[in-house]
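Have the structure open beside you as you read.

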Amino acid sequence: MSGTTSVLHFSGHQYLRHRLVLSILSGKPVRIDKIRSDDKNPGLRDYEVSLLRLLERITNGTIIEISVTGTAILLKPGIIVGGSITHECPVSRSIGYFLEPIIMLAPFSKKPLNLTLRGITSDEQDLSVDLIRTVTLPHLQLFGLSDELELRIKKRGSPPLGGGEIQFLCPVVKQVKTLNFVEPGRIKRIRGIAHAVRVSPQFSNRMIEASRSVLNRYIPDIYLYSDVYKGEDSGKSPGYALSLLAESTTGAIHCSEAVSKPSAAPEDIALLASRALLSEIKKGGCVDEKHQTLVLLMMVLGSEDVGRCRLGTPTERTIQFLRDVRDCFGTSFKIVPADSESSNELLFSCYGTGYVNANRSLA
Amino acid sequence: MDARPHKAHHASQSGAKAEKKKSAKGKEKQKGFNEKAFAPKSGRKADRLGRRNVERDQTRLHVPLVNRTPDDLPPPVIVAIVGPPGVGKTTLLKSLVRRYTKQTLNQPQGPITVVAGKKKRITFLECNNDLGSMVDVAKVADLILLMIDGSYGFEMETFEFLNILQSHGFPKVIGILSHLDLIKKAATLRATKKALKKRFWTEIYQGAKLFYLSGVLNGRYPDQEILNLSRFISVMKFRPLVFRNSHPYLLADRIEDLTPREEIRESKGKCDRIVTVYGYLRGTNLRLGTKVHIPGVGDLEMKSVSILGDPCPMPDADSEKRRKLSEKKKLLVHAPMSDVGGVIYDKDAVYINVPGSFTRGNADVPQGEGERMVMDLQDVNATLEDRVAKSQIKLFGTSLKPLVADPGPSRLSESASEDEDEDSEDEGFGSEMEEDDFDSDVEDDEEIDEDEEDEQGVIGRGVNTGRTAPRVVHRTPAGPSTSTTKQSKEVDYAESDSELGDDDFDNFDSSSRRIRFAGDDEDNLDLPDEDDDDGDDEDVPRWKSDLSGKASEAFKKSKTKKKDWIKLIYGSDLTPAQIIRGDDPQTSSTNEDDEDDIFTIKRLDVDGPSGETVDRTKEVLNEEELKQWEDEELLDSIRGLFITGSSGQGDADREGGDDGYEDLEGEDFEDLEAQEGSGDEQENVQDPEATKAAALAAKKEALKRKFDEQYDDPESSKQDFYEEKKEEINRQLELNRAEFEDVLDPEARALVEGYKAGSYVRIELTNVPCEMIEYFDPHFPIVVGGLLPAEERMGYVQVRIKRHRWFTKTLKTNDPLIFSLGWRRFQTVPIYSLDDHSIRMRMLKYTPEHMHCYATFYGPVSLPNTGFCAFNSFSSSASGFRISATGVVLDIDRSVKIVKKLKLTGVPFKIFKNTAFIKDMFNSALEVAKFEGANIRTVSGIRGQVKKALTKPEGAFRATFEDKILMSDIVFLRAWYTIQPRKFYNPVTTLLTSDKGAWQGMRLTGQVRLEQGVKTPLNVNSTYKKVERTPRRFNPLRIPKNLQASLPYASKPKLVKAQTRQTYLQKRAVVLEPEEKKAVALLQQIRALRKDQVARRKEKQNERKAKYKEKLEKEEAKKDEKDKEKRKEYMRAAGMKSKREAEKEEGRGSKRRRKD
């Protein structure tokens, strides 16, 4: 009678991560098919399989069925247990790819999560561990998660060979707080981390110089740290990157990042990152573009009260995420322009589902 | 002593004493609190008093809880009347209903909702004696009227119910003692009251309210007593209970079967049904898409939810001015399962009760709802089509001309048939009574042109009732789109009231009175307006069309193109990329078709080298696009977004929150004003100085205030934790209310926030077992409980459990137990366990005495911290206390690790020094390999280790010990064996049985054997035999001579042979000297005397003991006698009670439903 819960149905390889997360959080089985079915190389990629394995390890009782061709998966979610886990990430994607969905799940596990991931720490596609540490985790603080929430970067690893290692610690919550964040405030400080591994340590200083040349005009409170890892801790490949974040008076954070490319000077990378930060700031909103889904998810999972948040224009990912949230939790957002004048800022408000961490044990 | 009587007292007329008294007389007597009397004398005392006061203040505080029930329109309070059979529950219910509505119900069934005050409605519910019903009622009731037979005392059911309440959140309880008139002696009455009160208080809390009801007058309790009770009910305040504050639920006051009749006929009534339940939503907001659980039936899927007009609305604004509820409003009662107005709604039929003799033309008999309905049916003399063709629509009752629509016959009939469909959905009985359906339809039309119809007189209303409007009771609008029907339902019947007042039959009158729906004609008048708006775009859901309209308007207004994100995201099929690009929803579909084959090619060059869209978080940094930031102008344009920046468009709305950095410059403020000001730019330009000055002044003022506050009293600005929390909660609630207020469309609102508590809804359930309808009994409450997403799943639930101290048997692992947990009642098989030194969960075979233990079972998940109670059986025939255990949920998991001890034994077959070969412990070398390194032990306590398997006897192994073991030793290995709870989950489906109390779940093997008459199979090896133990013989210890020689003296065995030769002393005889002789004799005498003394003393003591024993025996006998007397007394009372009951039963016939 109660065992026959309806199976959510999605297709396509896009948005796999948040769909899996939503399924595990809502407890509804999910079936995703047509995964690259028209591709020359059909089916799941190695990093996706690795992600599925990771999800299986941080949960208990999860059943994952992958079709023979790998173009369809069925996930029957179990409960999130957490605990201490070590996982080797393939070098095809960076650690950020795996950490982003885990951050969404970890607060709702049974035991505090202590996750060690090994692989590439920063690449072009996903959030680097620096950004996750300095931007993503502060976003979780908006929802009442702060104690013992930590990301330690033990070793850095640049593509293509990686060799980095991070440790992610996350506490358990009973229920996330309702968010009411409509004042973006004005930028009061800019911070950044320039790191360089297996290249000249001067590279990071050069990046800092270049970045300051763009940003110094706005605000004096700029600290860009040079973070050089040496020897064992610097991974297997050379590389450098600059990640920047701008914090406003109300705590809204915008961030950007640029990673080293072959035949690109550190100055170019720094300029790229700084300009990306400026354009990100220009987009406005209380939450960074890359963290829209995280914030919206936590709003949906809040208590049965109205949560509000002001965001910039939603990204494609966000739009699909909103649709999938409606399918999983039955919650839709009210989206209205934040004020009549400014053109692209939107006010998202929703009624929380009153999601209580049922996995948390009292014993 | 002299016998002189004492002098009588005379008050002194003069002197100091008389003076004092006289002066005191002048002063008026001090009343109330005398401050001087209680002022503390010492500083210490003052300190202690202060502390005590503060502590007392703290006890008043409770953890602030959010109350999710809306303040403006709360659902009716559920007041349940609970008690053993024959205690007077129905009488109380009738009296209370009579008190609130002035109507007498003959056969109150199901929930009865009445208006109790200006802002209060009450749903009364009588709970029958079934344990399942008691459990369900305990889960939903806000207030319990717990009835106790004063002449008999507490019964087991009362205690059971209180314990059920305790485990499900303990709502408020008022005790009511009835049958007090049966106690004749005043002294006994007083004593009984006192004793019962004392017991009641220990059970609930000291000072719990206990009411006394004396006898029954006219089948009701005395009016004054009921009035008092109703006053107590009305001032009752309710603290939200945690479980109900996190779940939506509904107490169904009406249930209907919507299954097509044909389907039922074909399946001979065995097909799954489509059922609608009606009731007020309570708890949190109900969302479509979640599952609901009906206790006694199971988990069900909601097909649709629709908000209906309130059948028992609160008094509205016009009566708001009055302090008290007007008499007219008092007449509202909503009780579809009862016989209000002679109509009873059953699951698939409507019964019309016609009092006395009834003829059609007879106008003297006041006609109830039912009669009118039937007569209307008989009056129909035109077909639907005709009626529709003739019907006209007037927007307002006062409008002269009806609306003239284009007479498209097809359209009309279409709408009519639509209407009909809706109706048939609305009214379950409609499917059975086709004429009725038709009629209601006709009535629909009638209401549209009420006046018109009256003029035409197409349908003569059999008897002229003086009413202008026809009444439809059962119908409630199925949502906003059917607001025409809403209108019909909300007709106010002031006239009919006066008409009834004319009749003099008071009793008769009230019995045939109808259900009333209040509503304002004024309100209804503007409804058709909205209707017409709707009519234009019927195909599109209303909110969507609305949005598009708004969107297009917005588009026209502002040059900048604005997207309607809600519609684009939730309402269109556009891909996210298309939405971002800003494709038009209309054109996109064609575009997509055109581009279909190009699409993939396009993607190929856009995306990464692998030629597919990658799931990435960071967008690709487009260097070309970012080049634009070389432009100085652009760089300067965002200066306003930084705290150092001064101008720019962004800062006007961005300055909240930063106090420290804000430097308010003139331009800044001008800008702000320009945005806010509605076009009077000139004024702003004129005096920028003035605005600047004003702003500065305001800022200074604020700073000054802040400083003053901090300087004067730094404490006062801070609120205490409690106040702060409360304020925070209130702020959030206010926000919740305000946020969606502008979303006018209820459907769109339901989409974002769910169906609000307090609204009267109709829930359509699919795949309902047919038995629920077939065996429907209005005496058993139907609770529809919403489930959280987590609760729909199954898993292993770990609970902390304690056997109830009144339950006589112990609970055994793997015996089925019925749990009442969350909304559900289910039977499952728990395994009891205890935490063994925090290392392992160790299975317990039986629950421990007076102690909590853990239990793990397979079943539906409930959130941790949910309370539960457990039963061994629900049947009323079970003797004794039926609640077997209570507890709380601790943990949810998908696997469990409970272990039980397993001892493997073996015997040595060869012993070396500290090494031995052990056999008979394992069966194969593989098993040994598994246990290599495991600790083993002999019975005598010598510890050892498993080393390696031996080849020869299969399963034997080599083991080493700390000492040499004996051949007679038994070696054992202590291991832990994991056991899994059985995956057995059996929902208690009492509502699906014809005899609700007779539900039976899985039985124990012993019970099955007993019922089947099968003997327990006897294993020969299990029988007890006499144990024969041969006494052990120990050989003497022999130490080799060589060894003995080399031993140190201390370790040498001291083996000395017994002396055979006589010693020197033995050889000689001793002769005593005379004085010595004397001394010995004296000693002997003294000893003899002493012996004699002791003997005598002992004798005496024995004598005393015997006496005491005799005395004790006597007392014991006396006590026994007393006990016997007491028992006799008790049995006599019980006999009297049962006799009385039997008499009552005879007297009232079928009313009592005691099962025995």
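In this predicted model, 101 residues of chain A are in contact with 83 residues of chain B, where contact means heavy atoms within 4.5 Å. Local features need pLDDT of at least 70 and side-chain atom pairs count only at pLDDT 80 or more, while totals for chains, interfaces and linings use all residues; side-chain values use heavy atoms, with hydrogens and water left out. Residues are numbered from 1 along each chain as its sequence is written, and chains are lettered from A and ligands numbered from 1 in the order in which they are written.

**Where the two chains meet**

- About 8,500 Å² is buried between chain A and chain B, and carbon and sulfur atoms give 54% of that area; buried area is the accessible area (1.4 Å probe) that two parts lose on being put together, summed over both.
- Between chain A and chain B there are 41 residue pairs in polar contact, with both residues at pLDDT 80 or more. A polar contact is a pair of N or O atoms within 3.5 Å; within protein, one must be able to donate a hydrogen and the other to accept it, and residues adjacent in sequence count only if both atoms are side-chain atoms.
- On the side of chain A that touches chain B, helix α8 (residues 316-329) of chain A gives the largest share, eight residues. Helices (H or I, at least four residues) and strands (E, at least two) are DSSP runs, numbered from the N terminus.
- That side of chain A has 36 nonpolar, 33 polar and 32 charged residues. Here Ala, Val, Leu, Ile, Met, Phe, Trp, Tyr, Cys and Pro count as nonpolar, Asp, Glu, Lys and Arg as charged, and the others, Gly among them, as polar.

**Salt bridges**

- Over all chains the count is 58 salt bridges, each a side-chain nitrogen of Lys or Arg within 4 Å of a carboxyl oxygen of Asp or Glu.
- Glu739(B) lies in helix α30 (residues 721-739) of chain B and Arg308(A) in strand β16 (residues 306-311) of chain A, so this pair joins two chains.
- The closest N and O atoms of Glu739(B) and Arg308(A) are 3.7 Å apart.
- Ten salt bridges are counted between chain A and chain B.

**Helix packing**

- In chain B, the axes of helix α4 (residues 89-101) and helix α8 (residues 223-235) come within 10 Å and cross at roughly 80°, which makes α4(B) roughly perpendicular to α8(B). Axes are lines fitted to C-alpha atoms, for helices over the stretch in contact, and angles run from 0 to 180 degrees between N-to-C directions; under 35 degrees counts as roughly parallel, over 145 as roughly antiparallel, 65 to 115 as roughly perpendicular and the rest as oblique.
- The residues of this contact between α4(B) and α8(B) are seven nonpolar, two polar and one charged.

**Backbone points to check**

- The peptide bond from Pro159(A) to Pro160(A) is cis, with omega near 10°.
- Phe170(B) is not a glycine, yet has a positive phi of about 50°.
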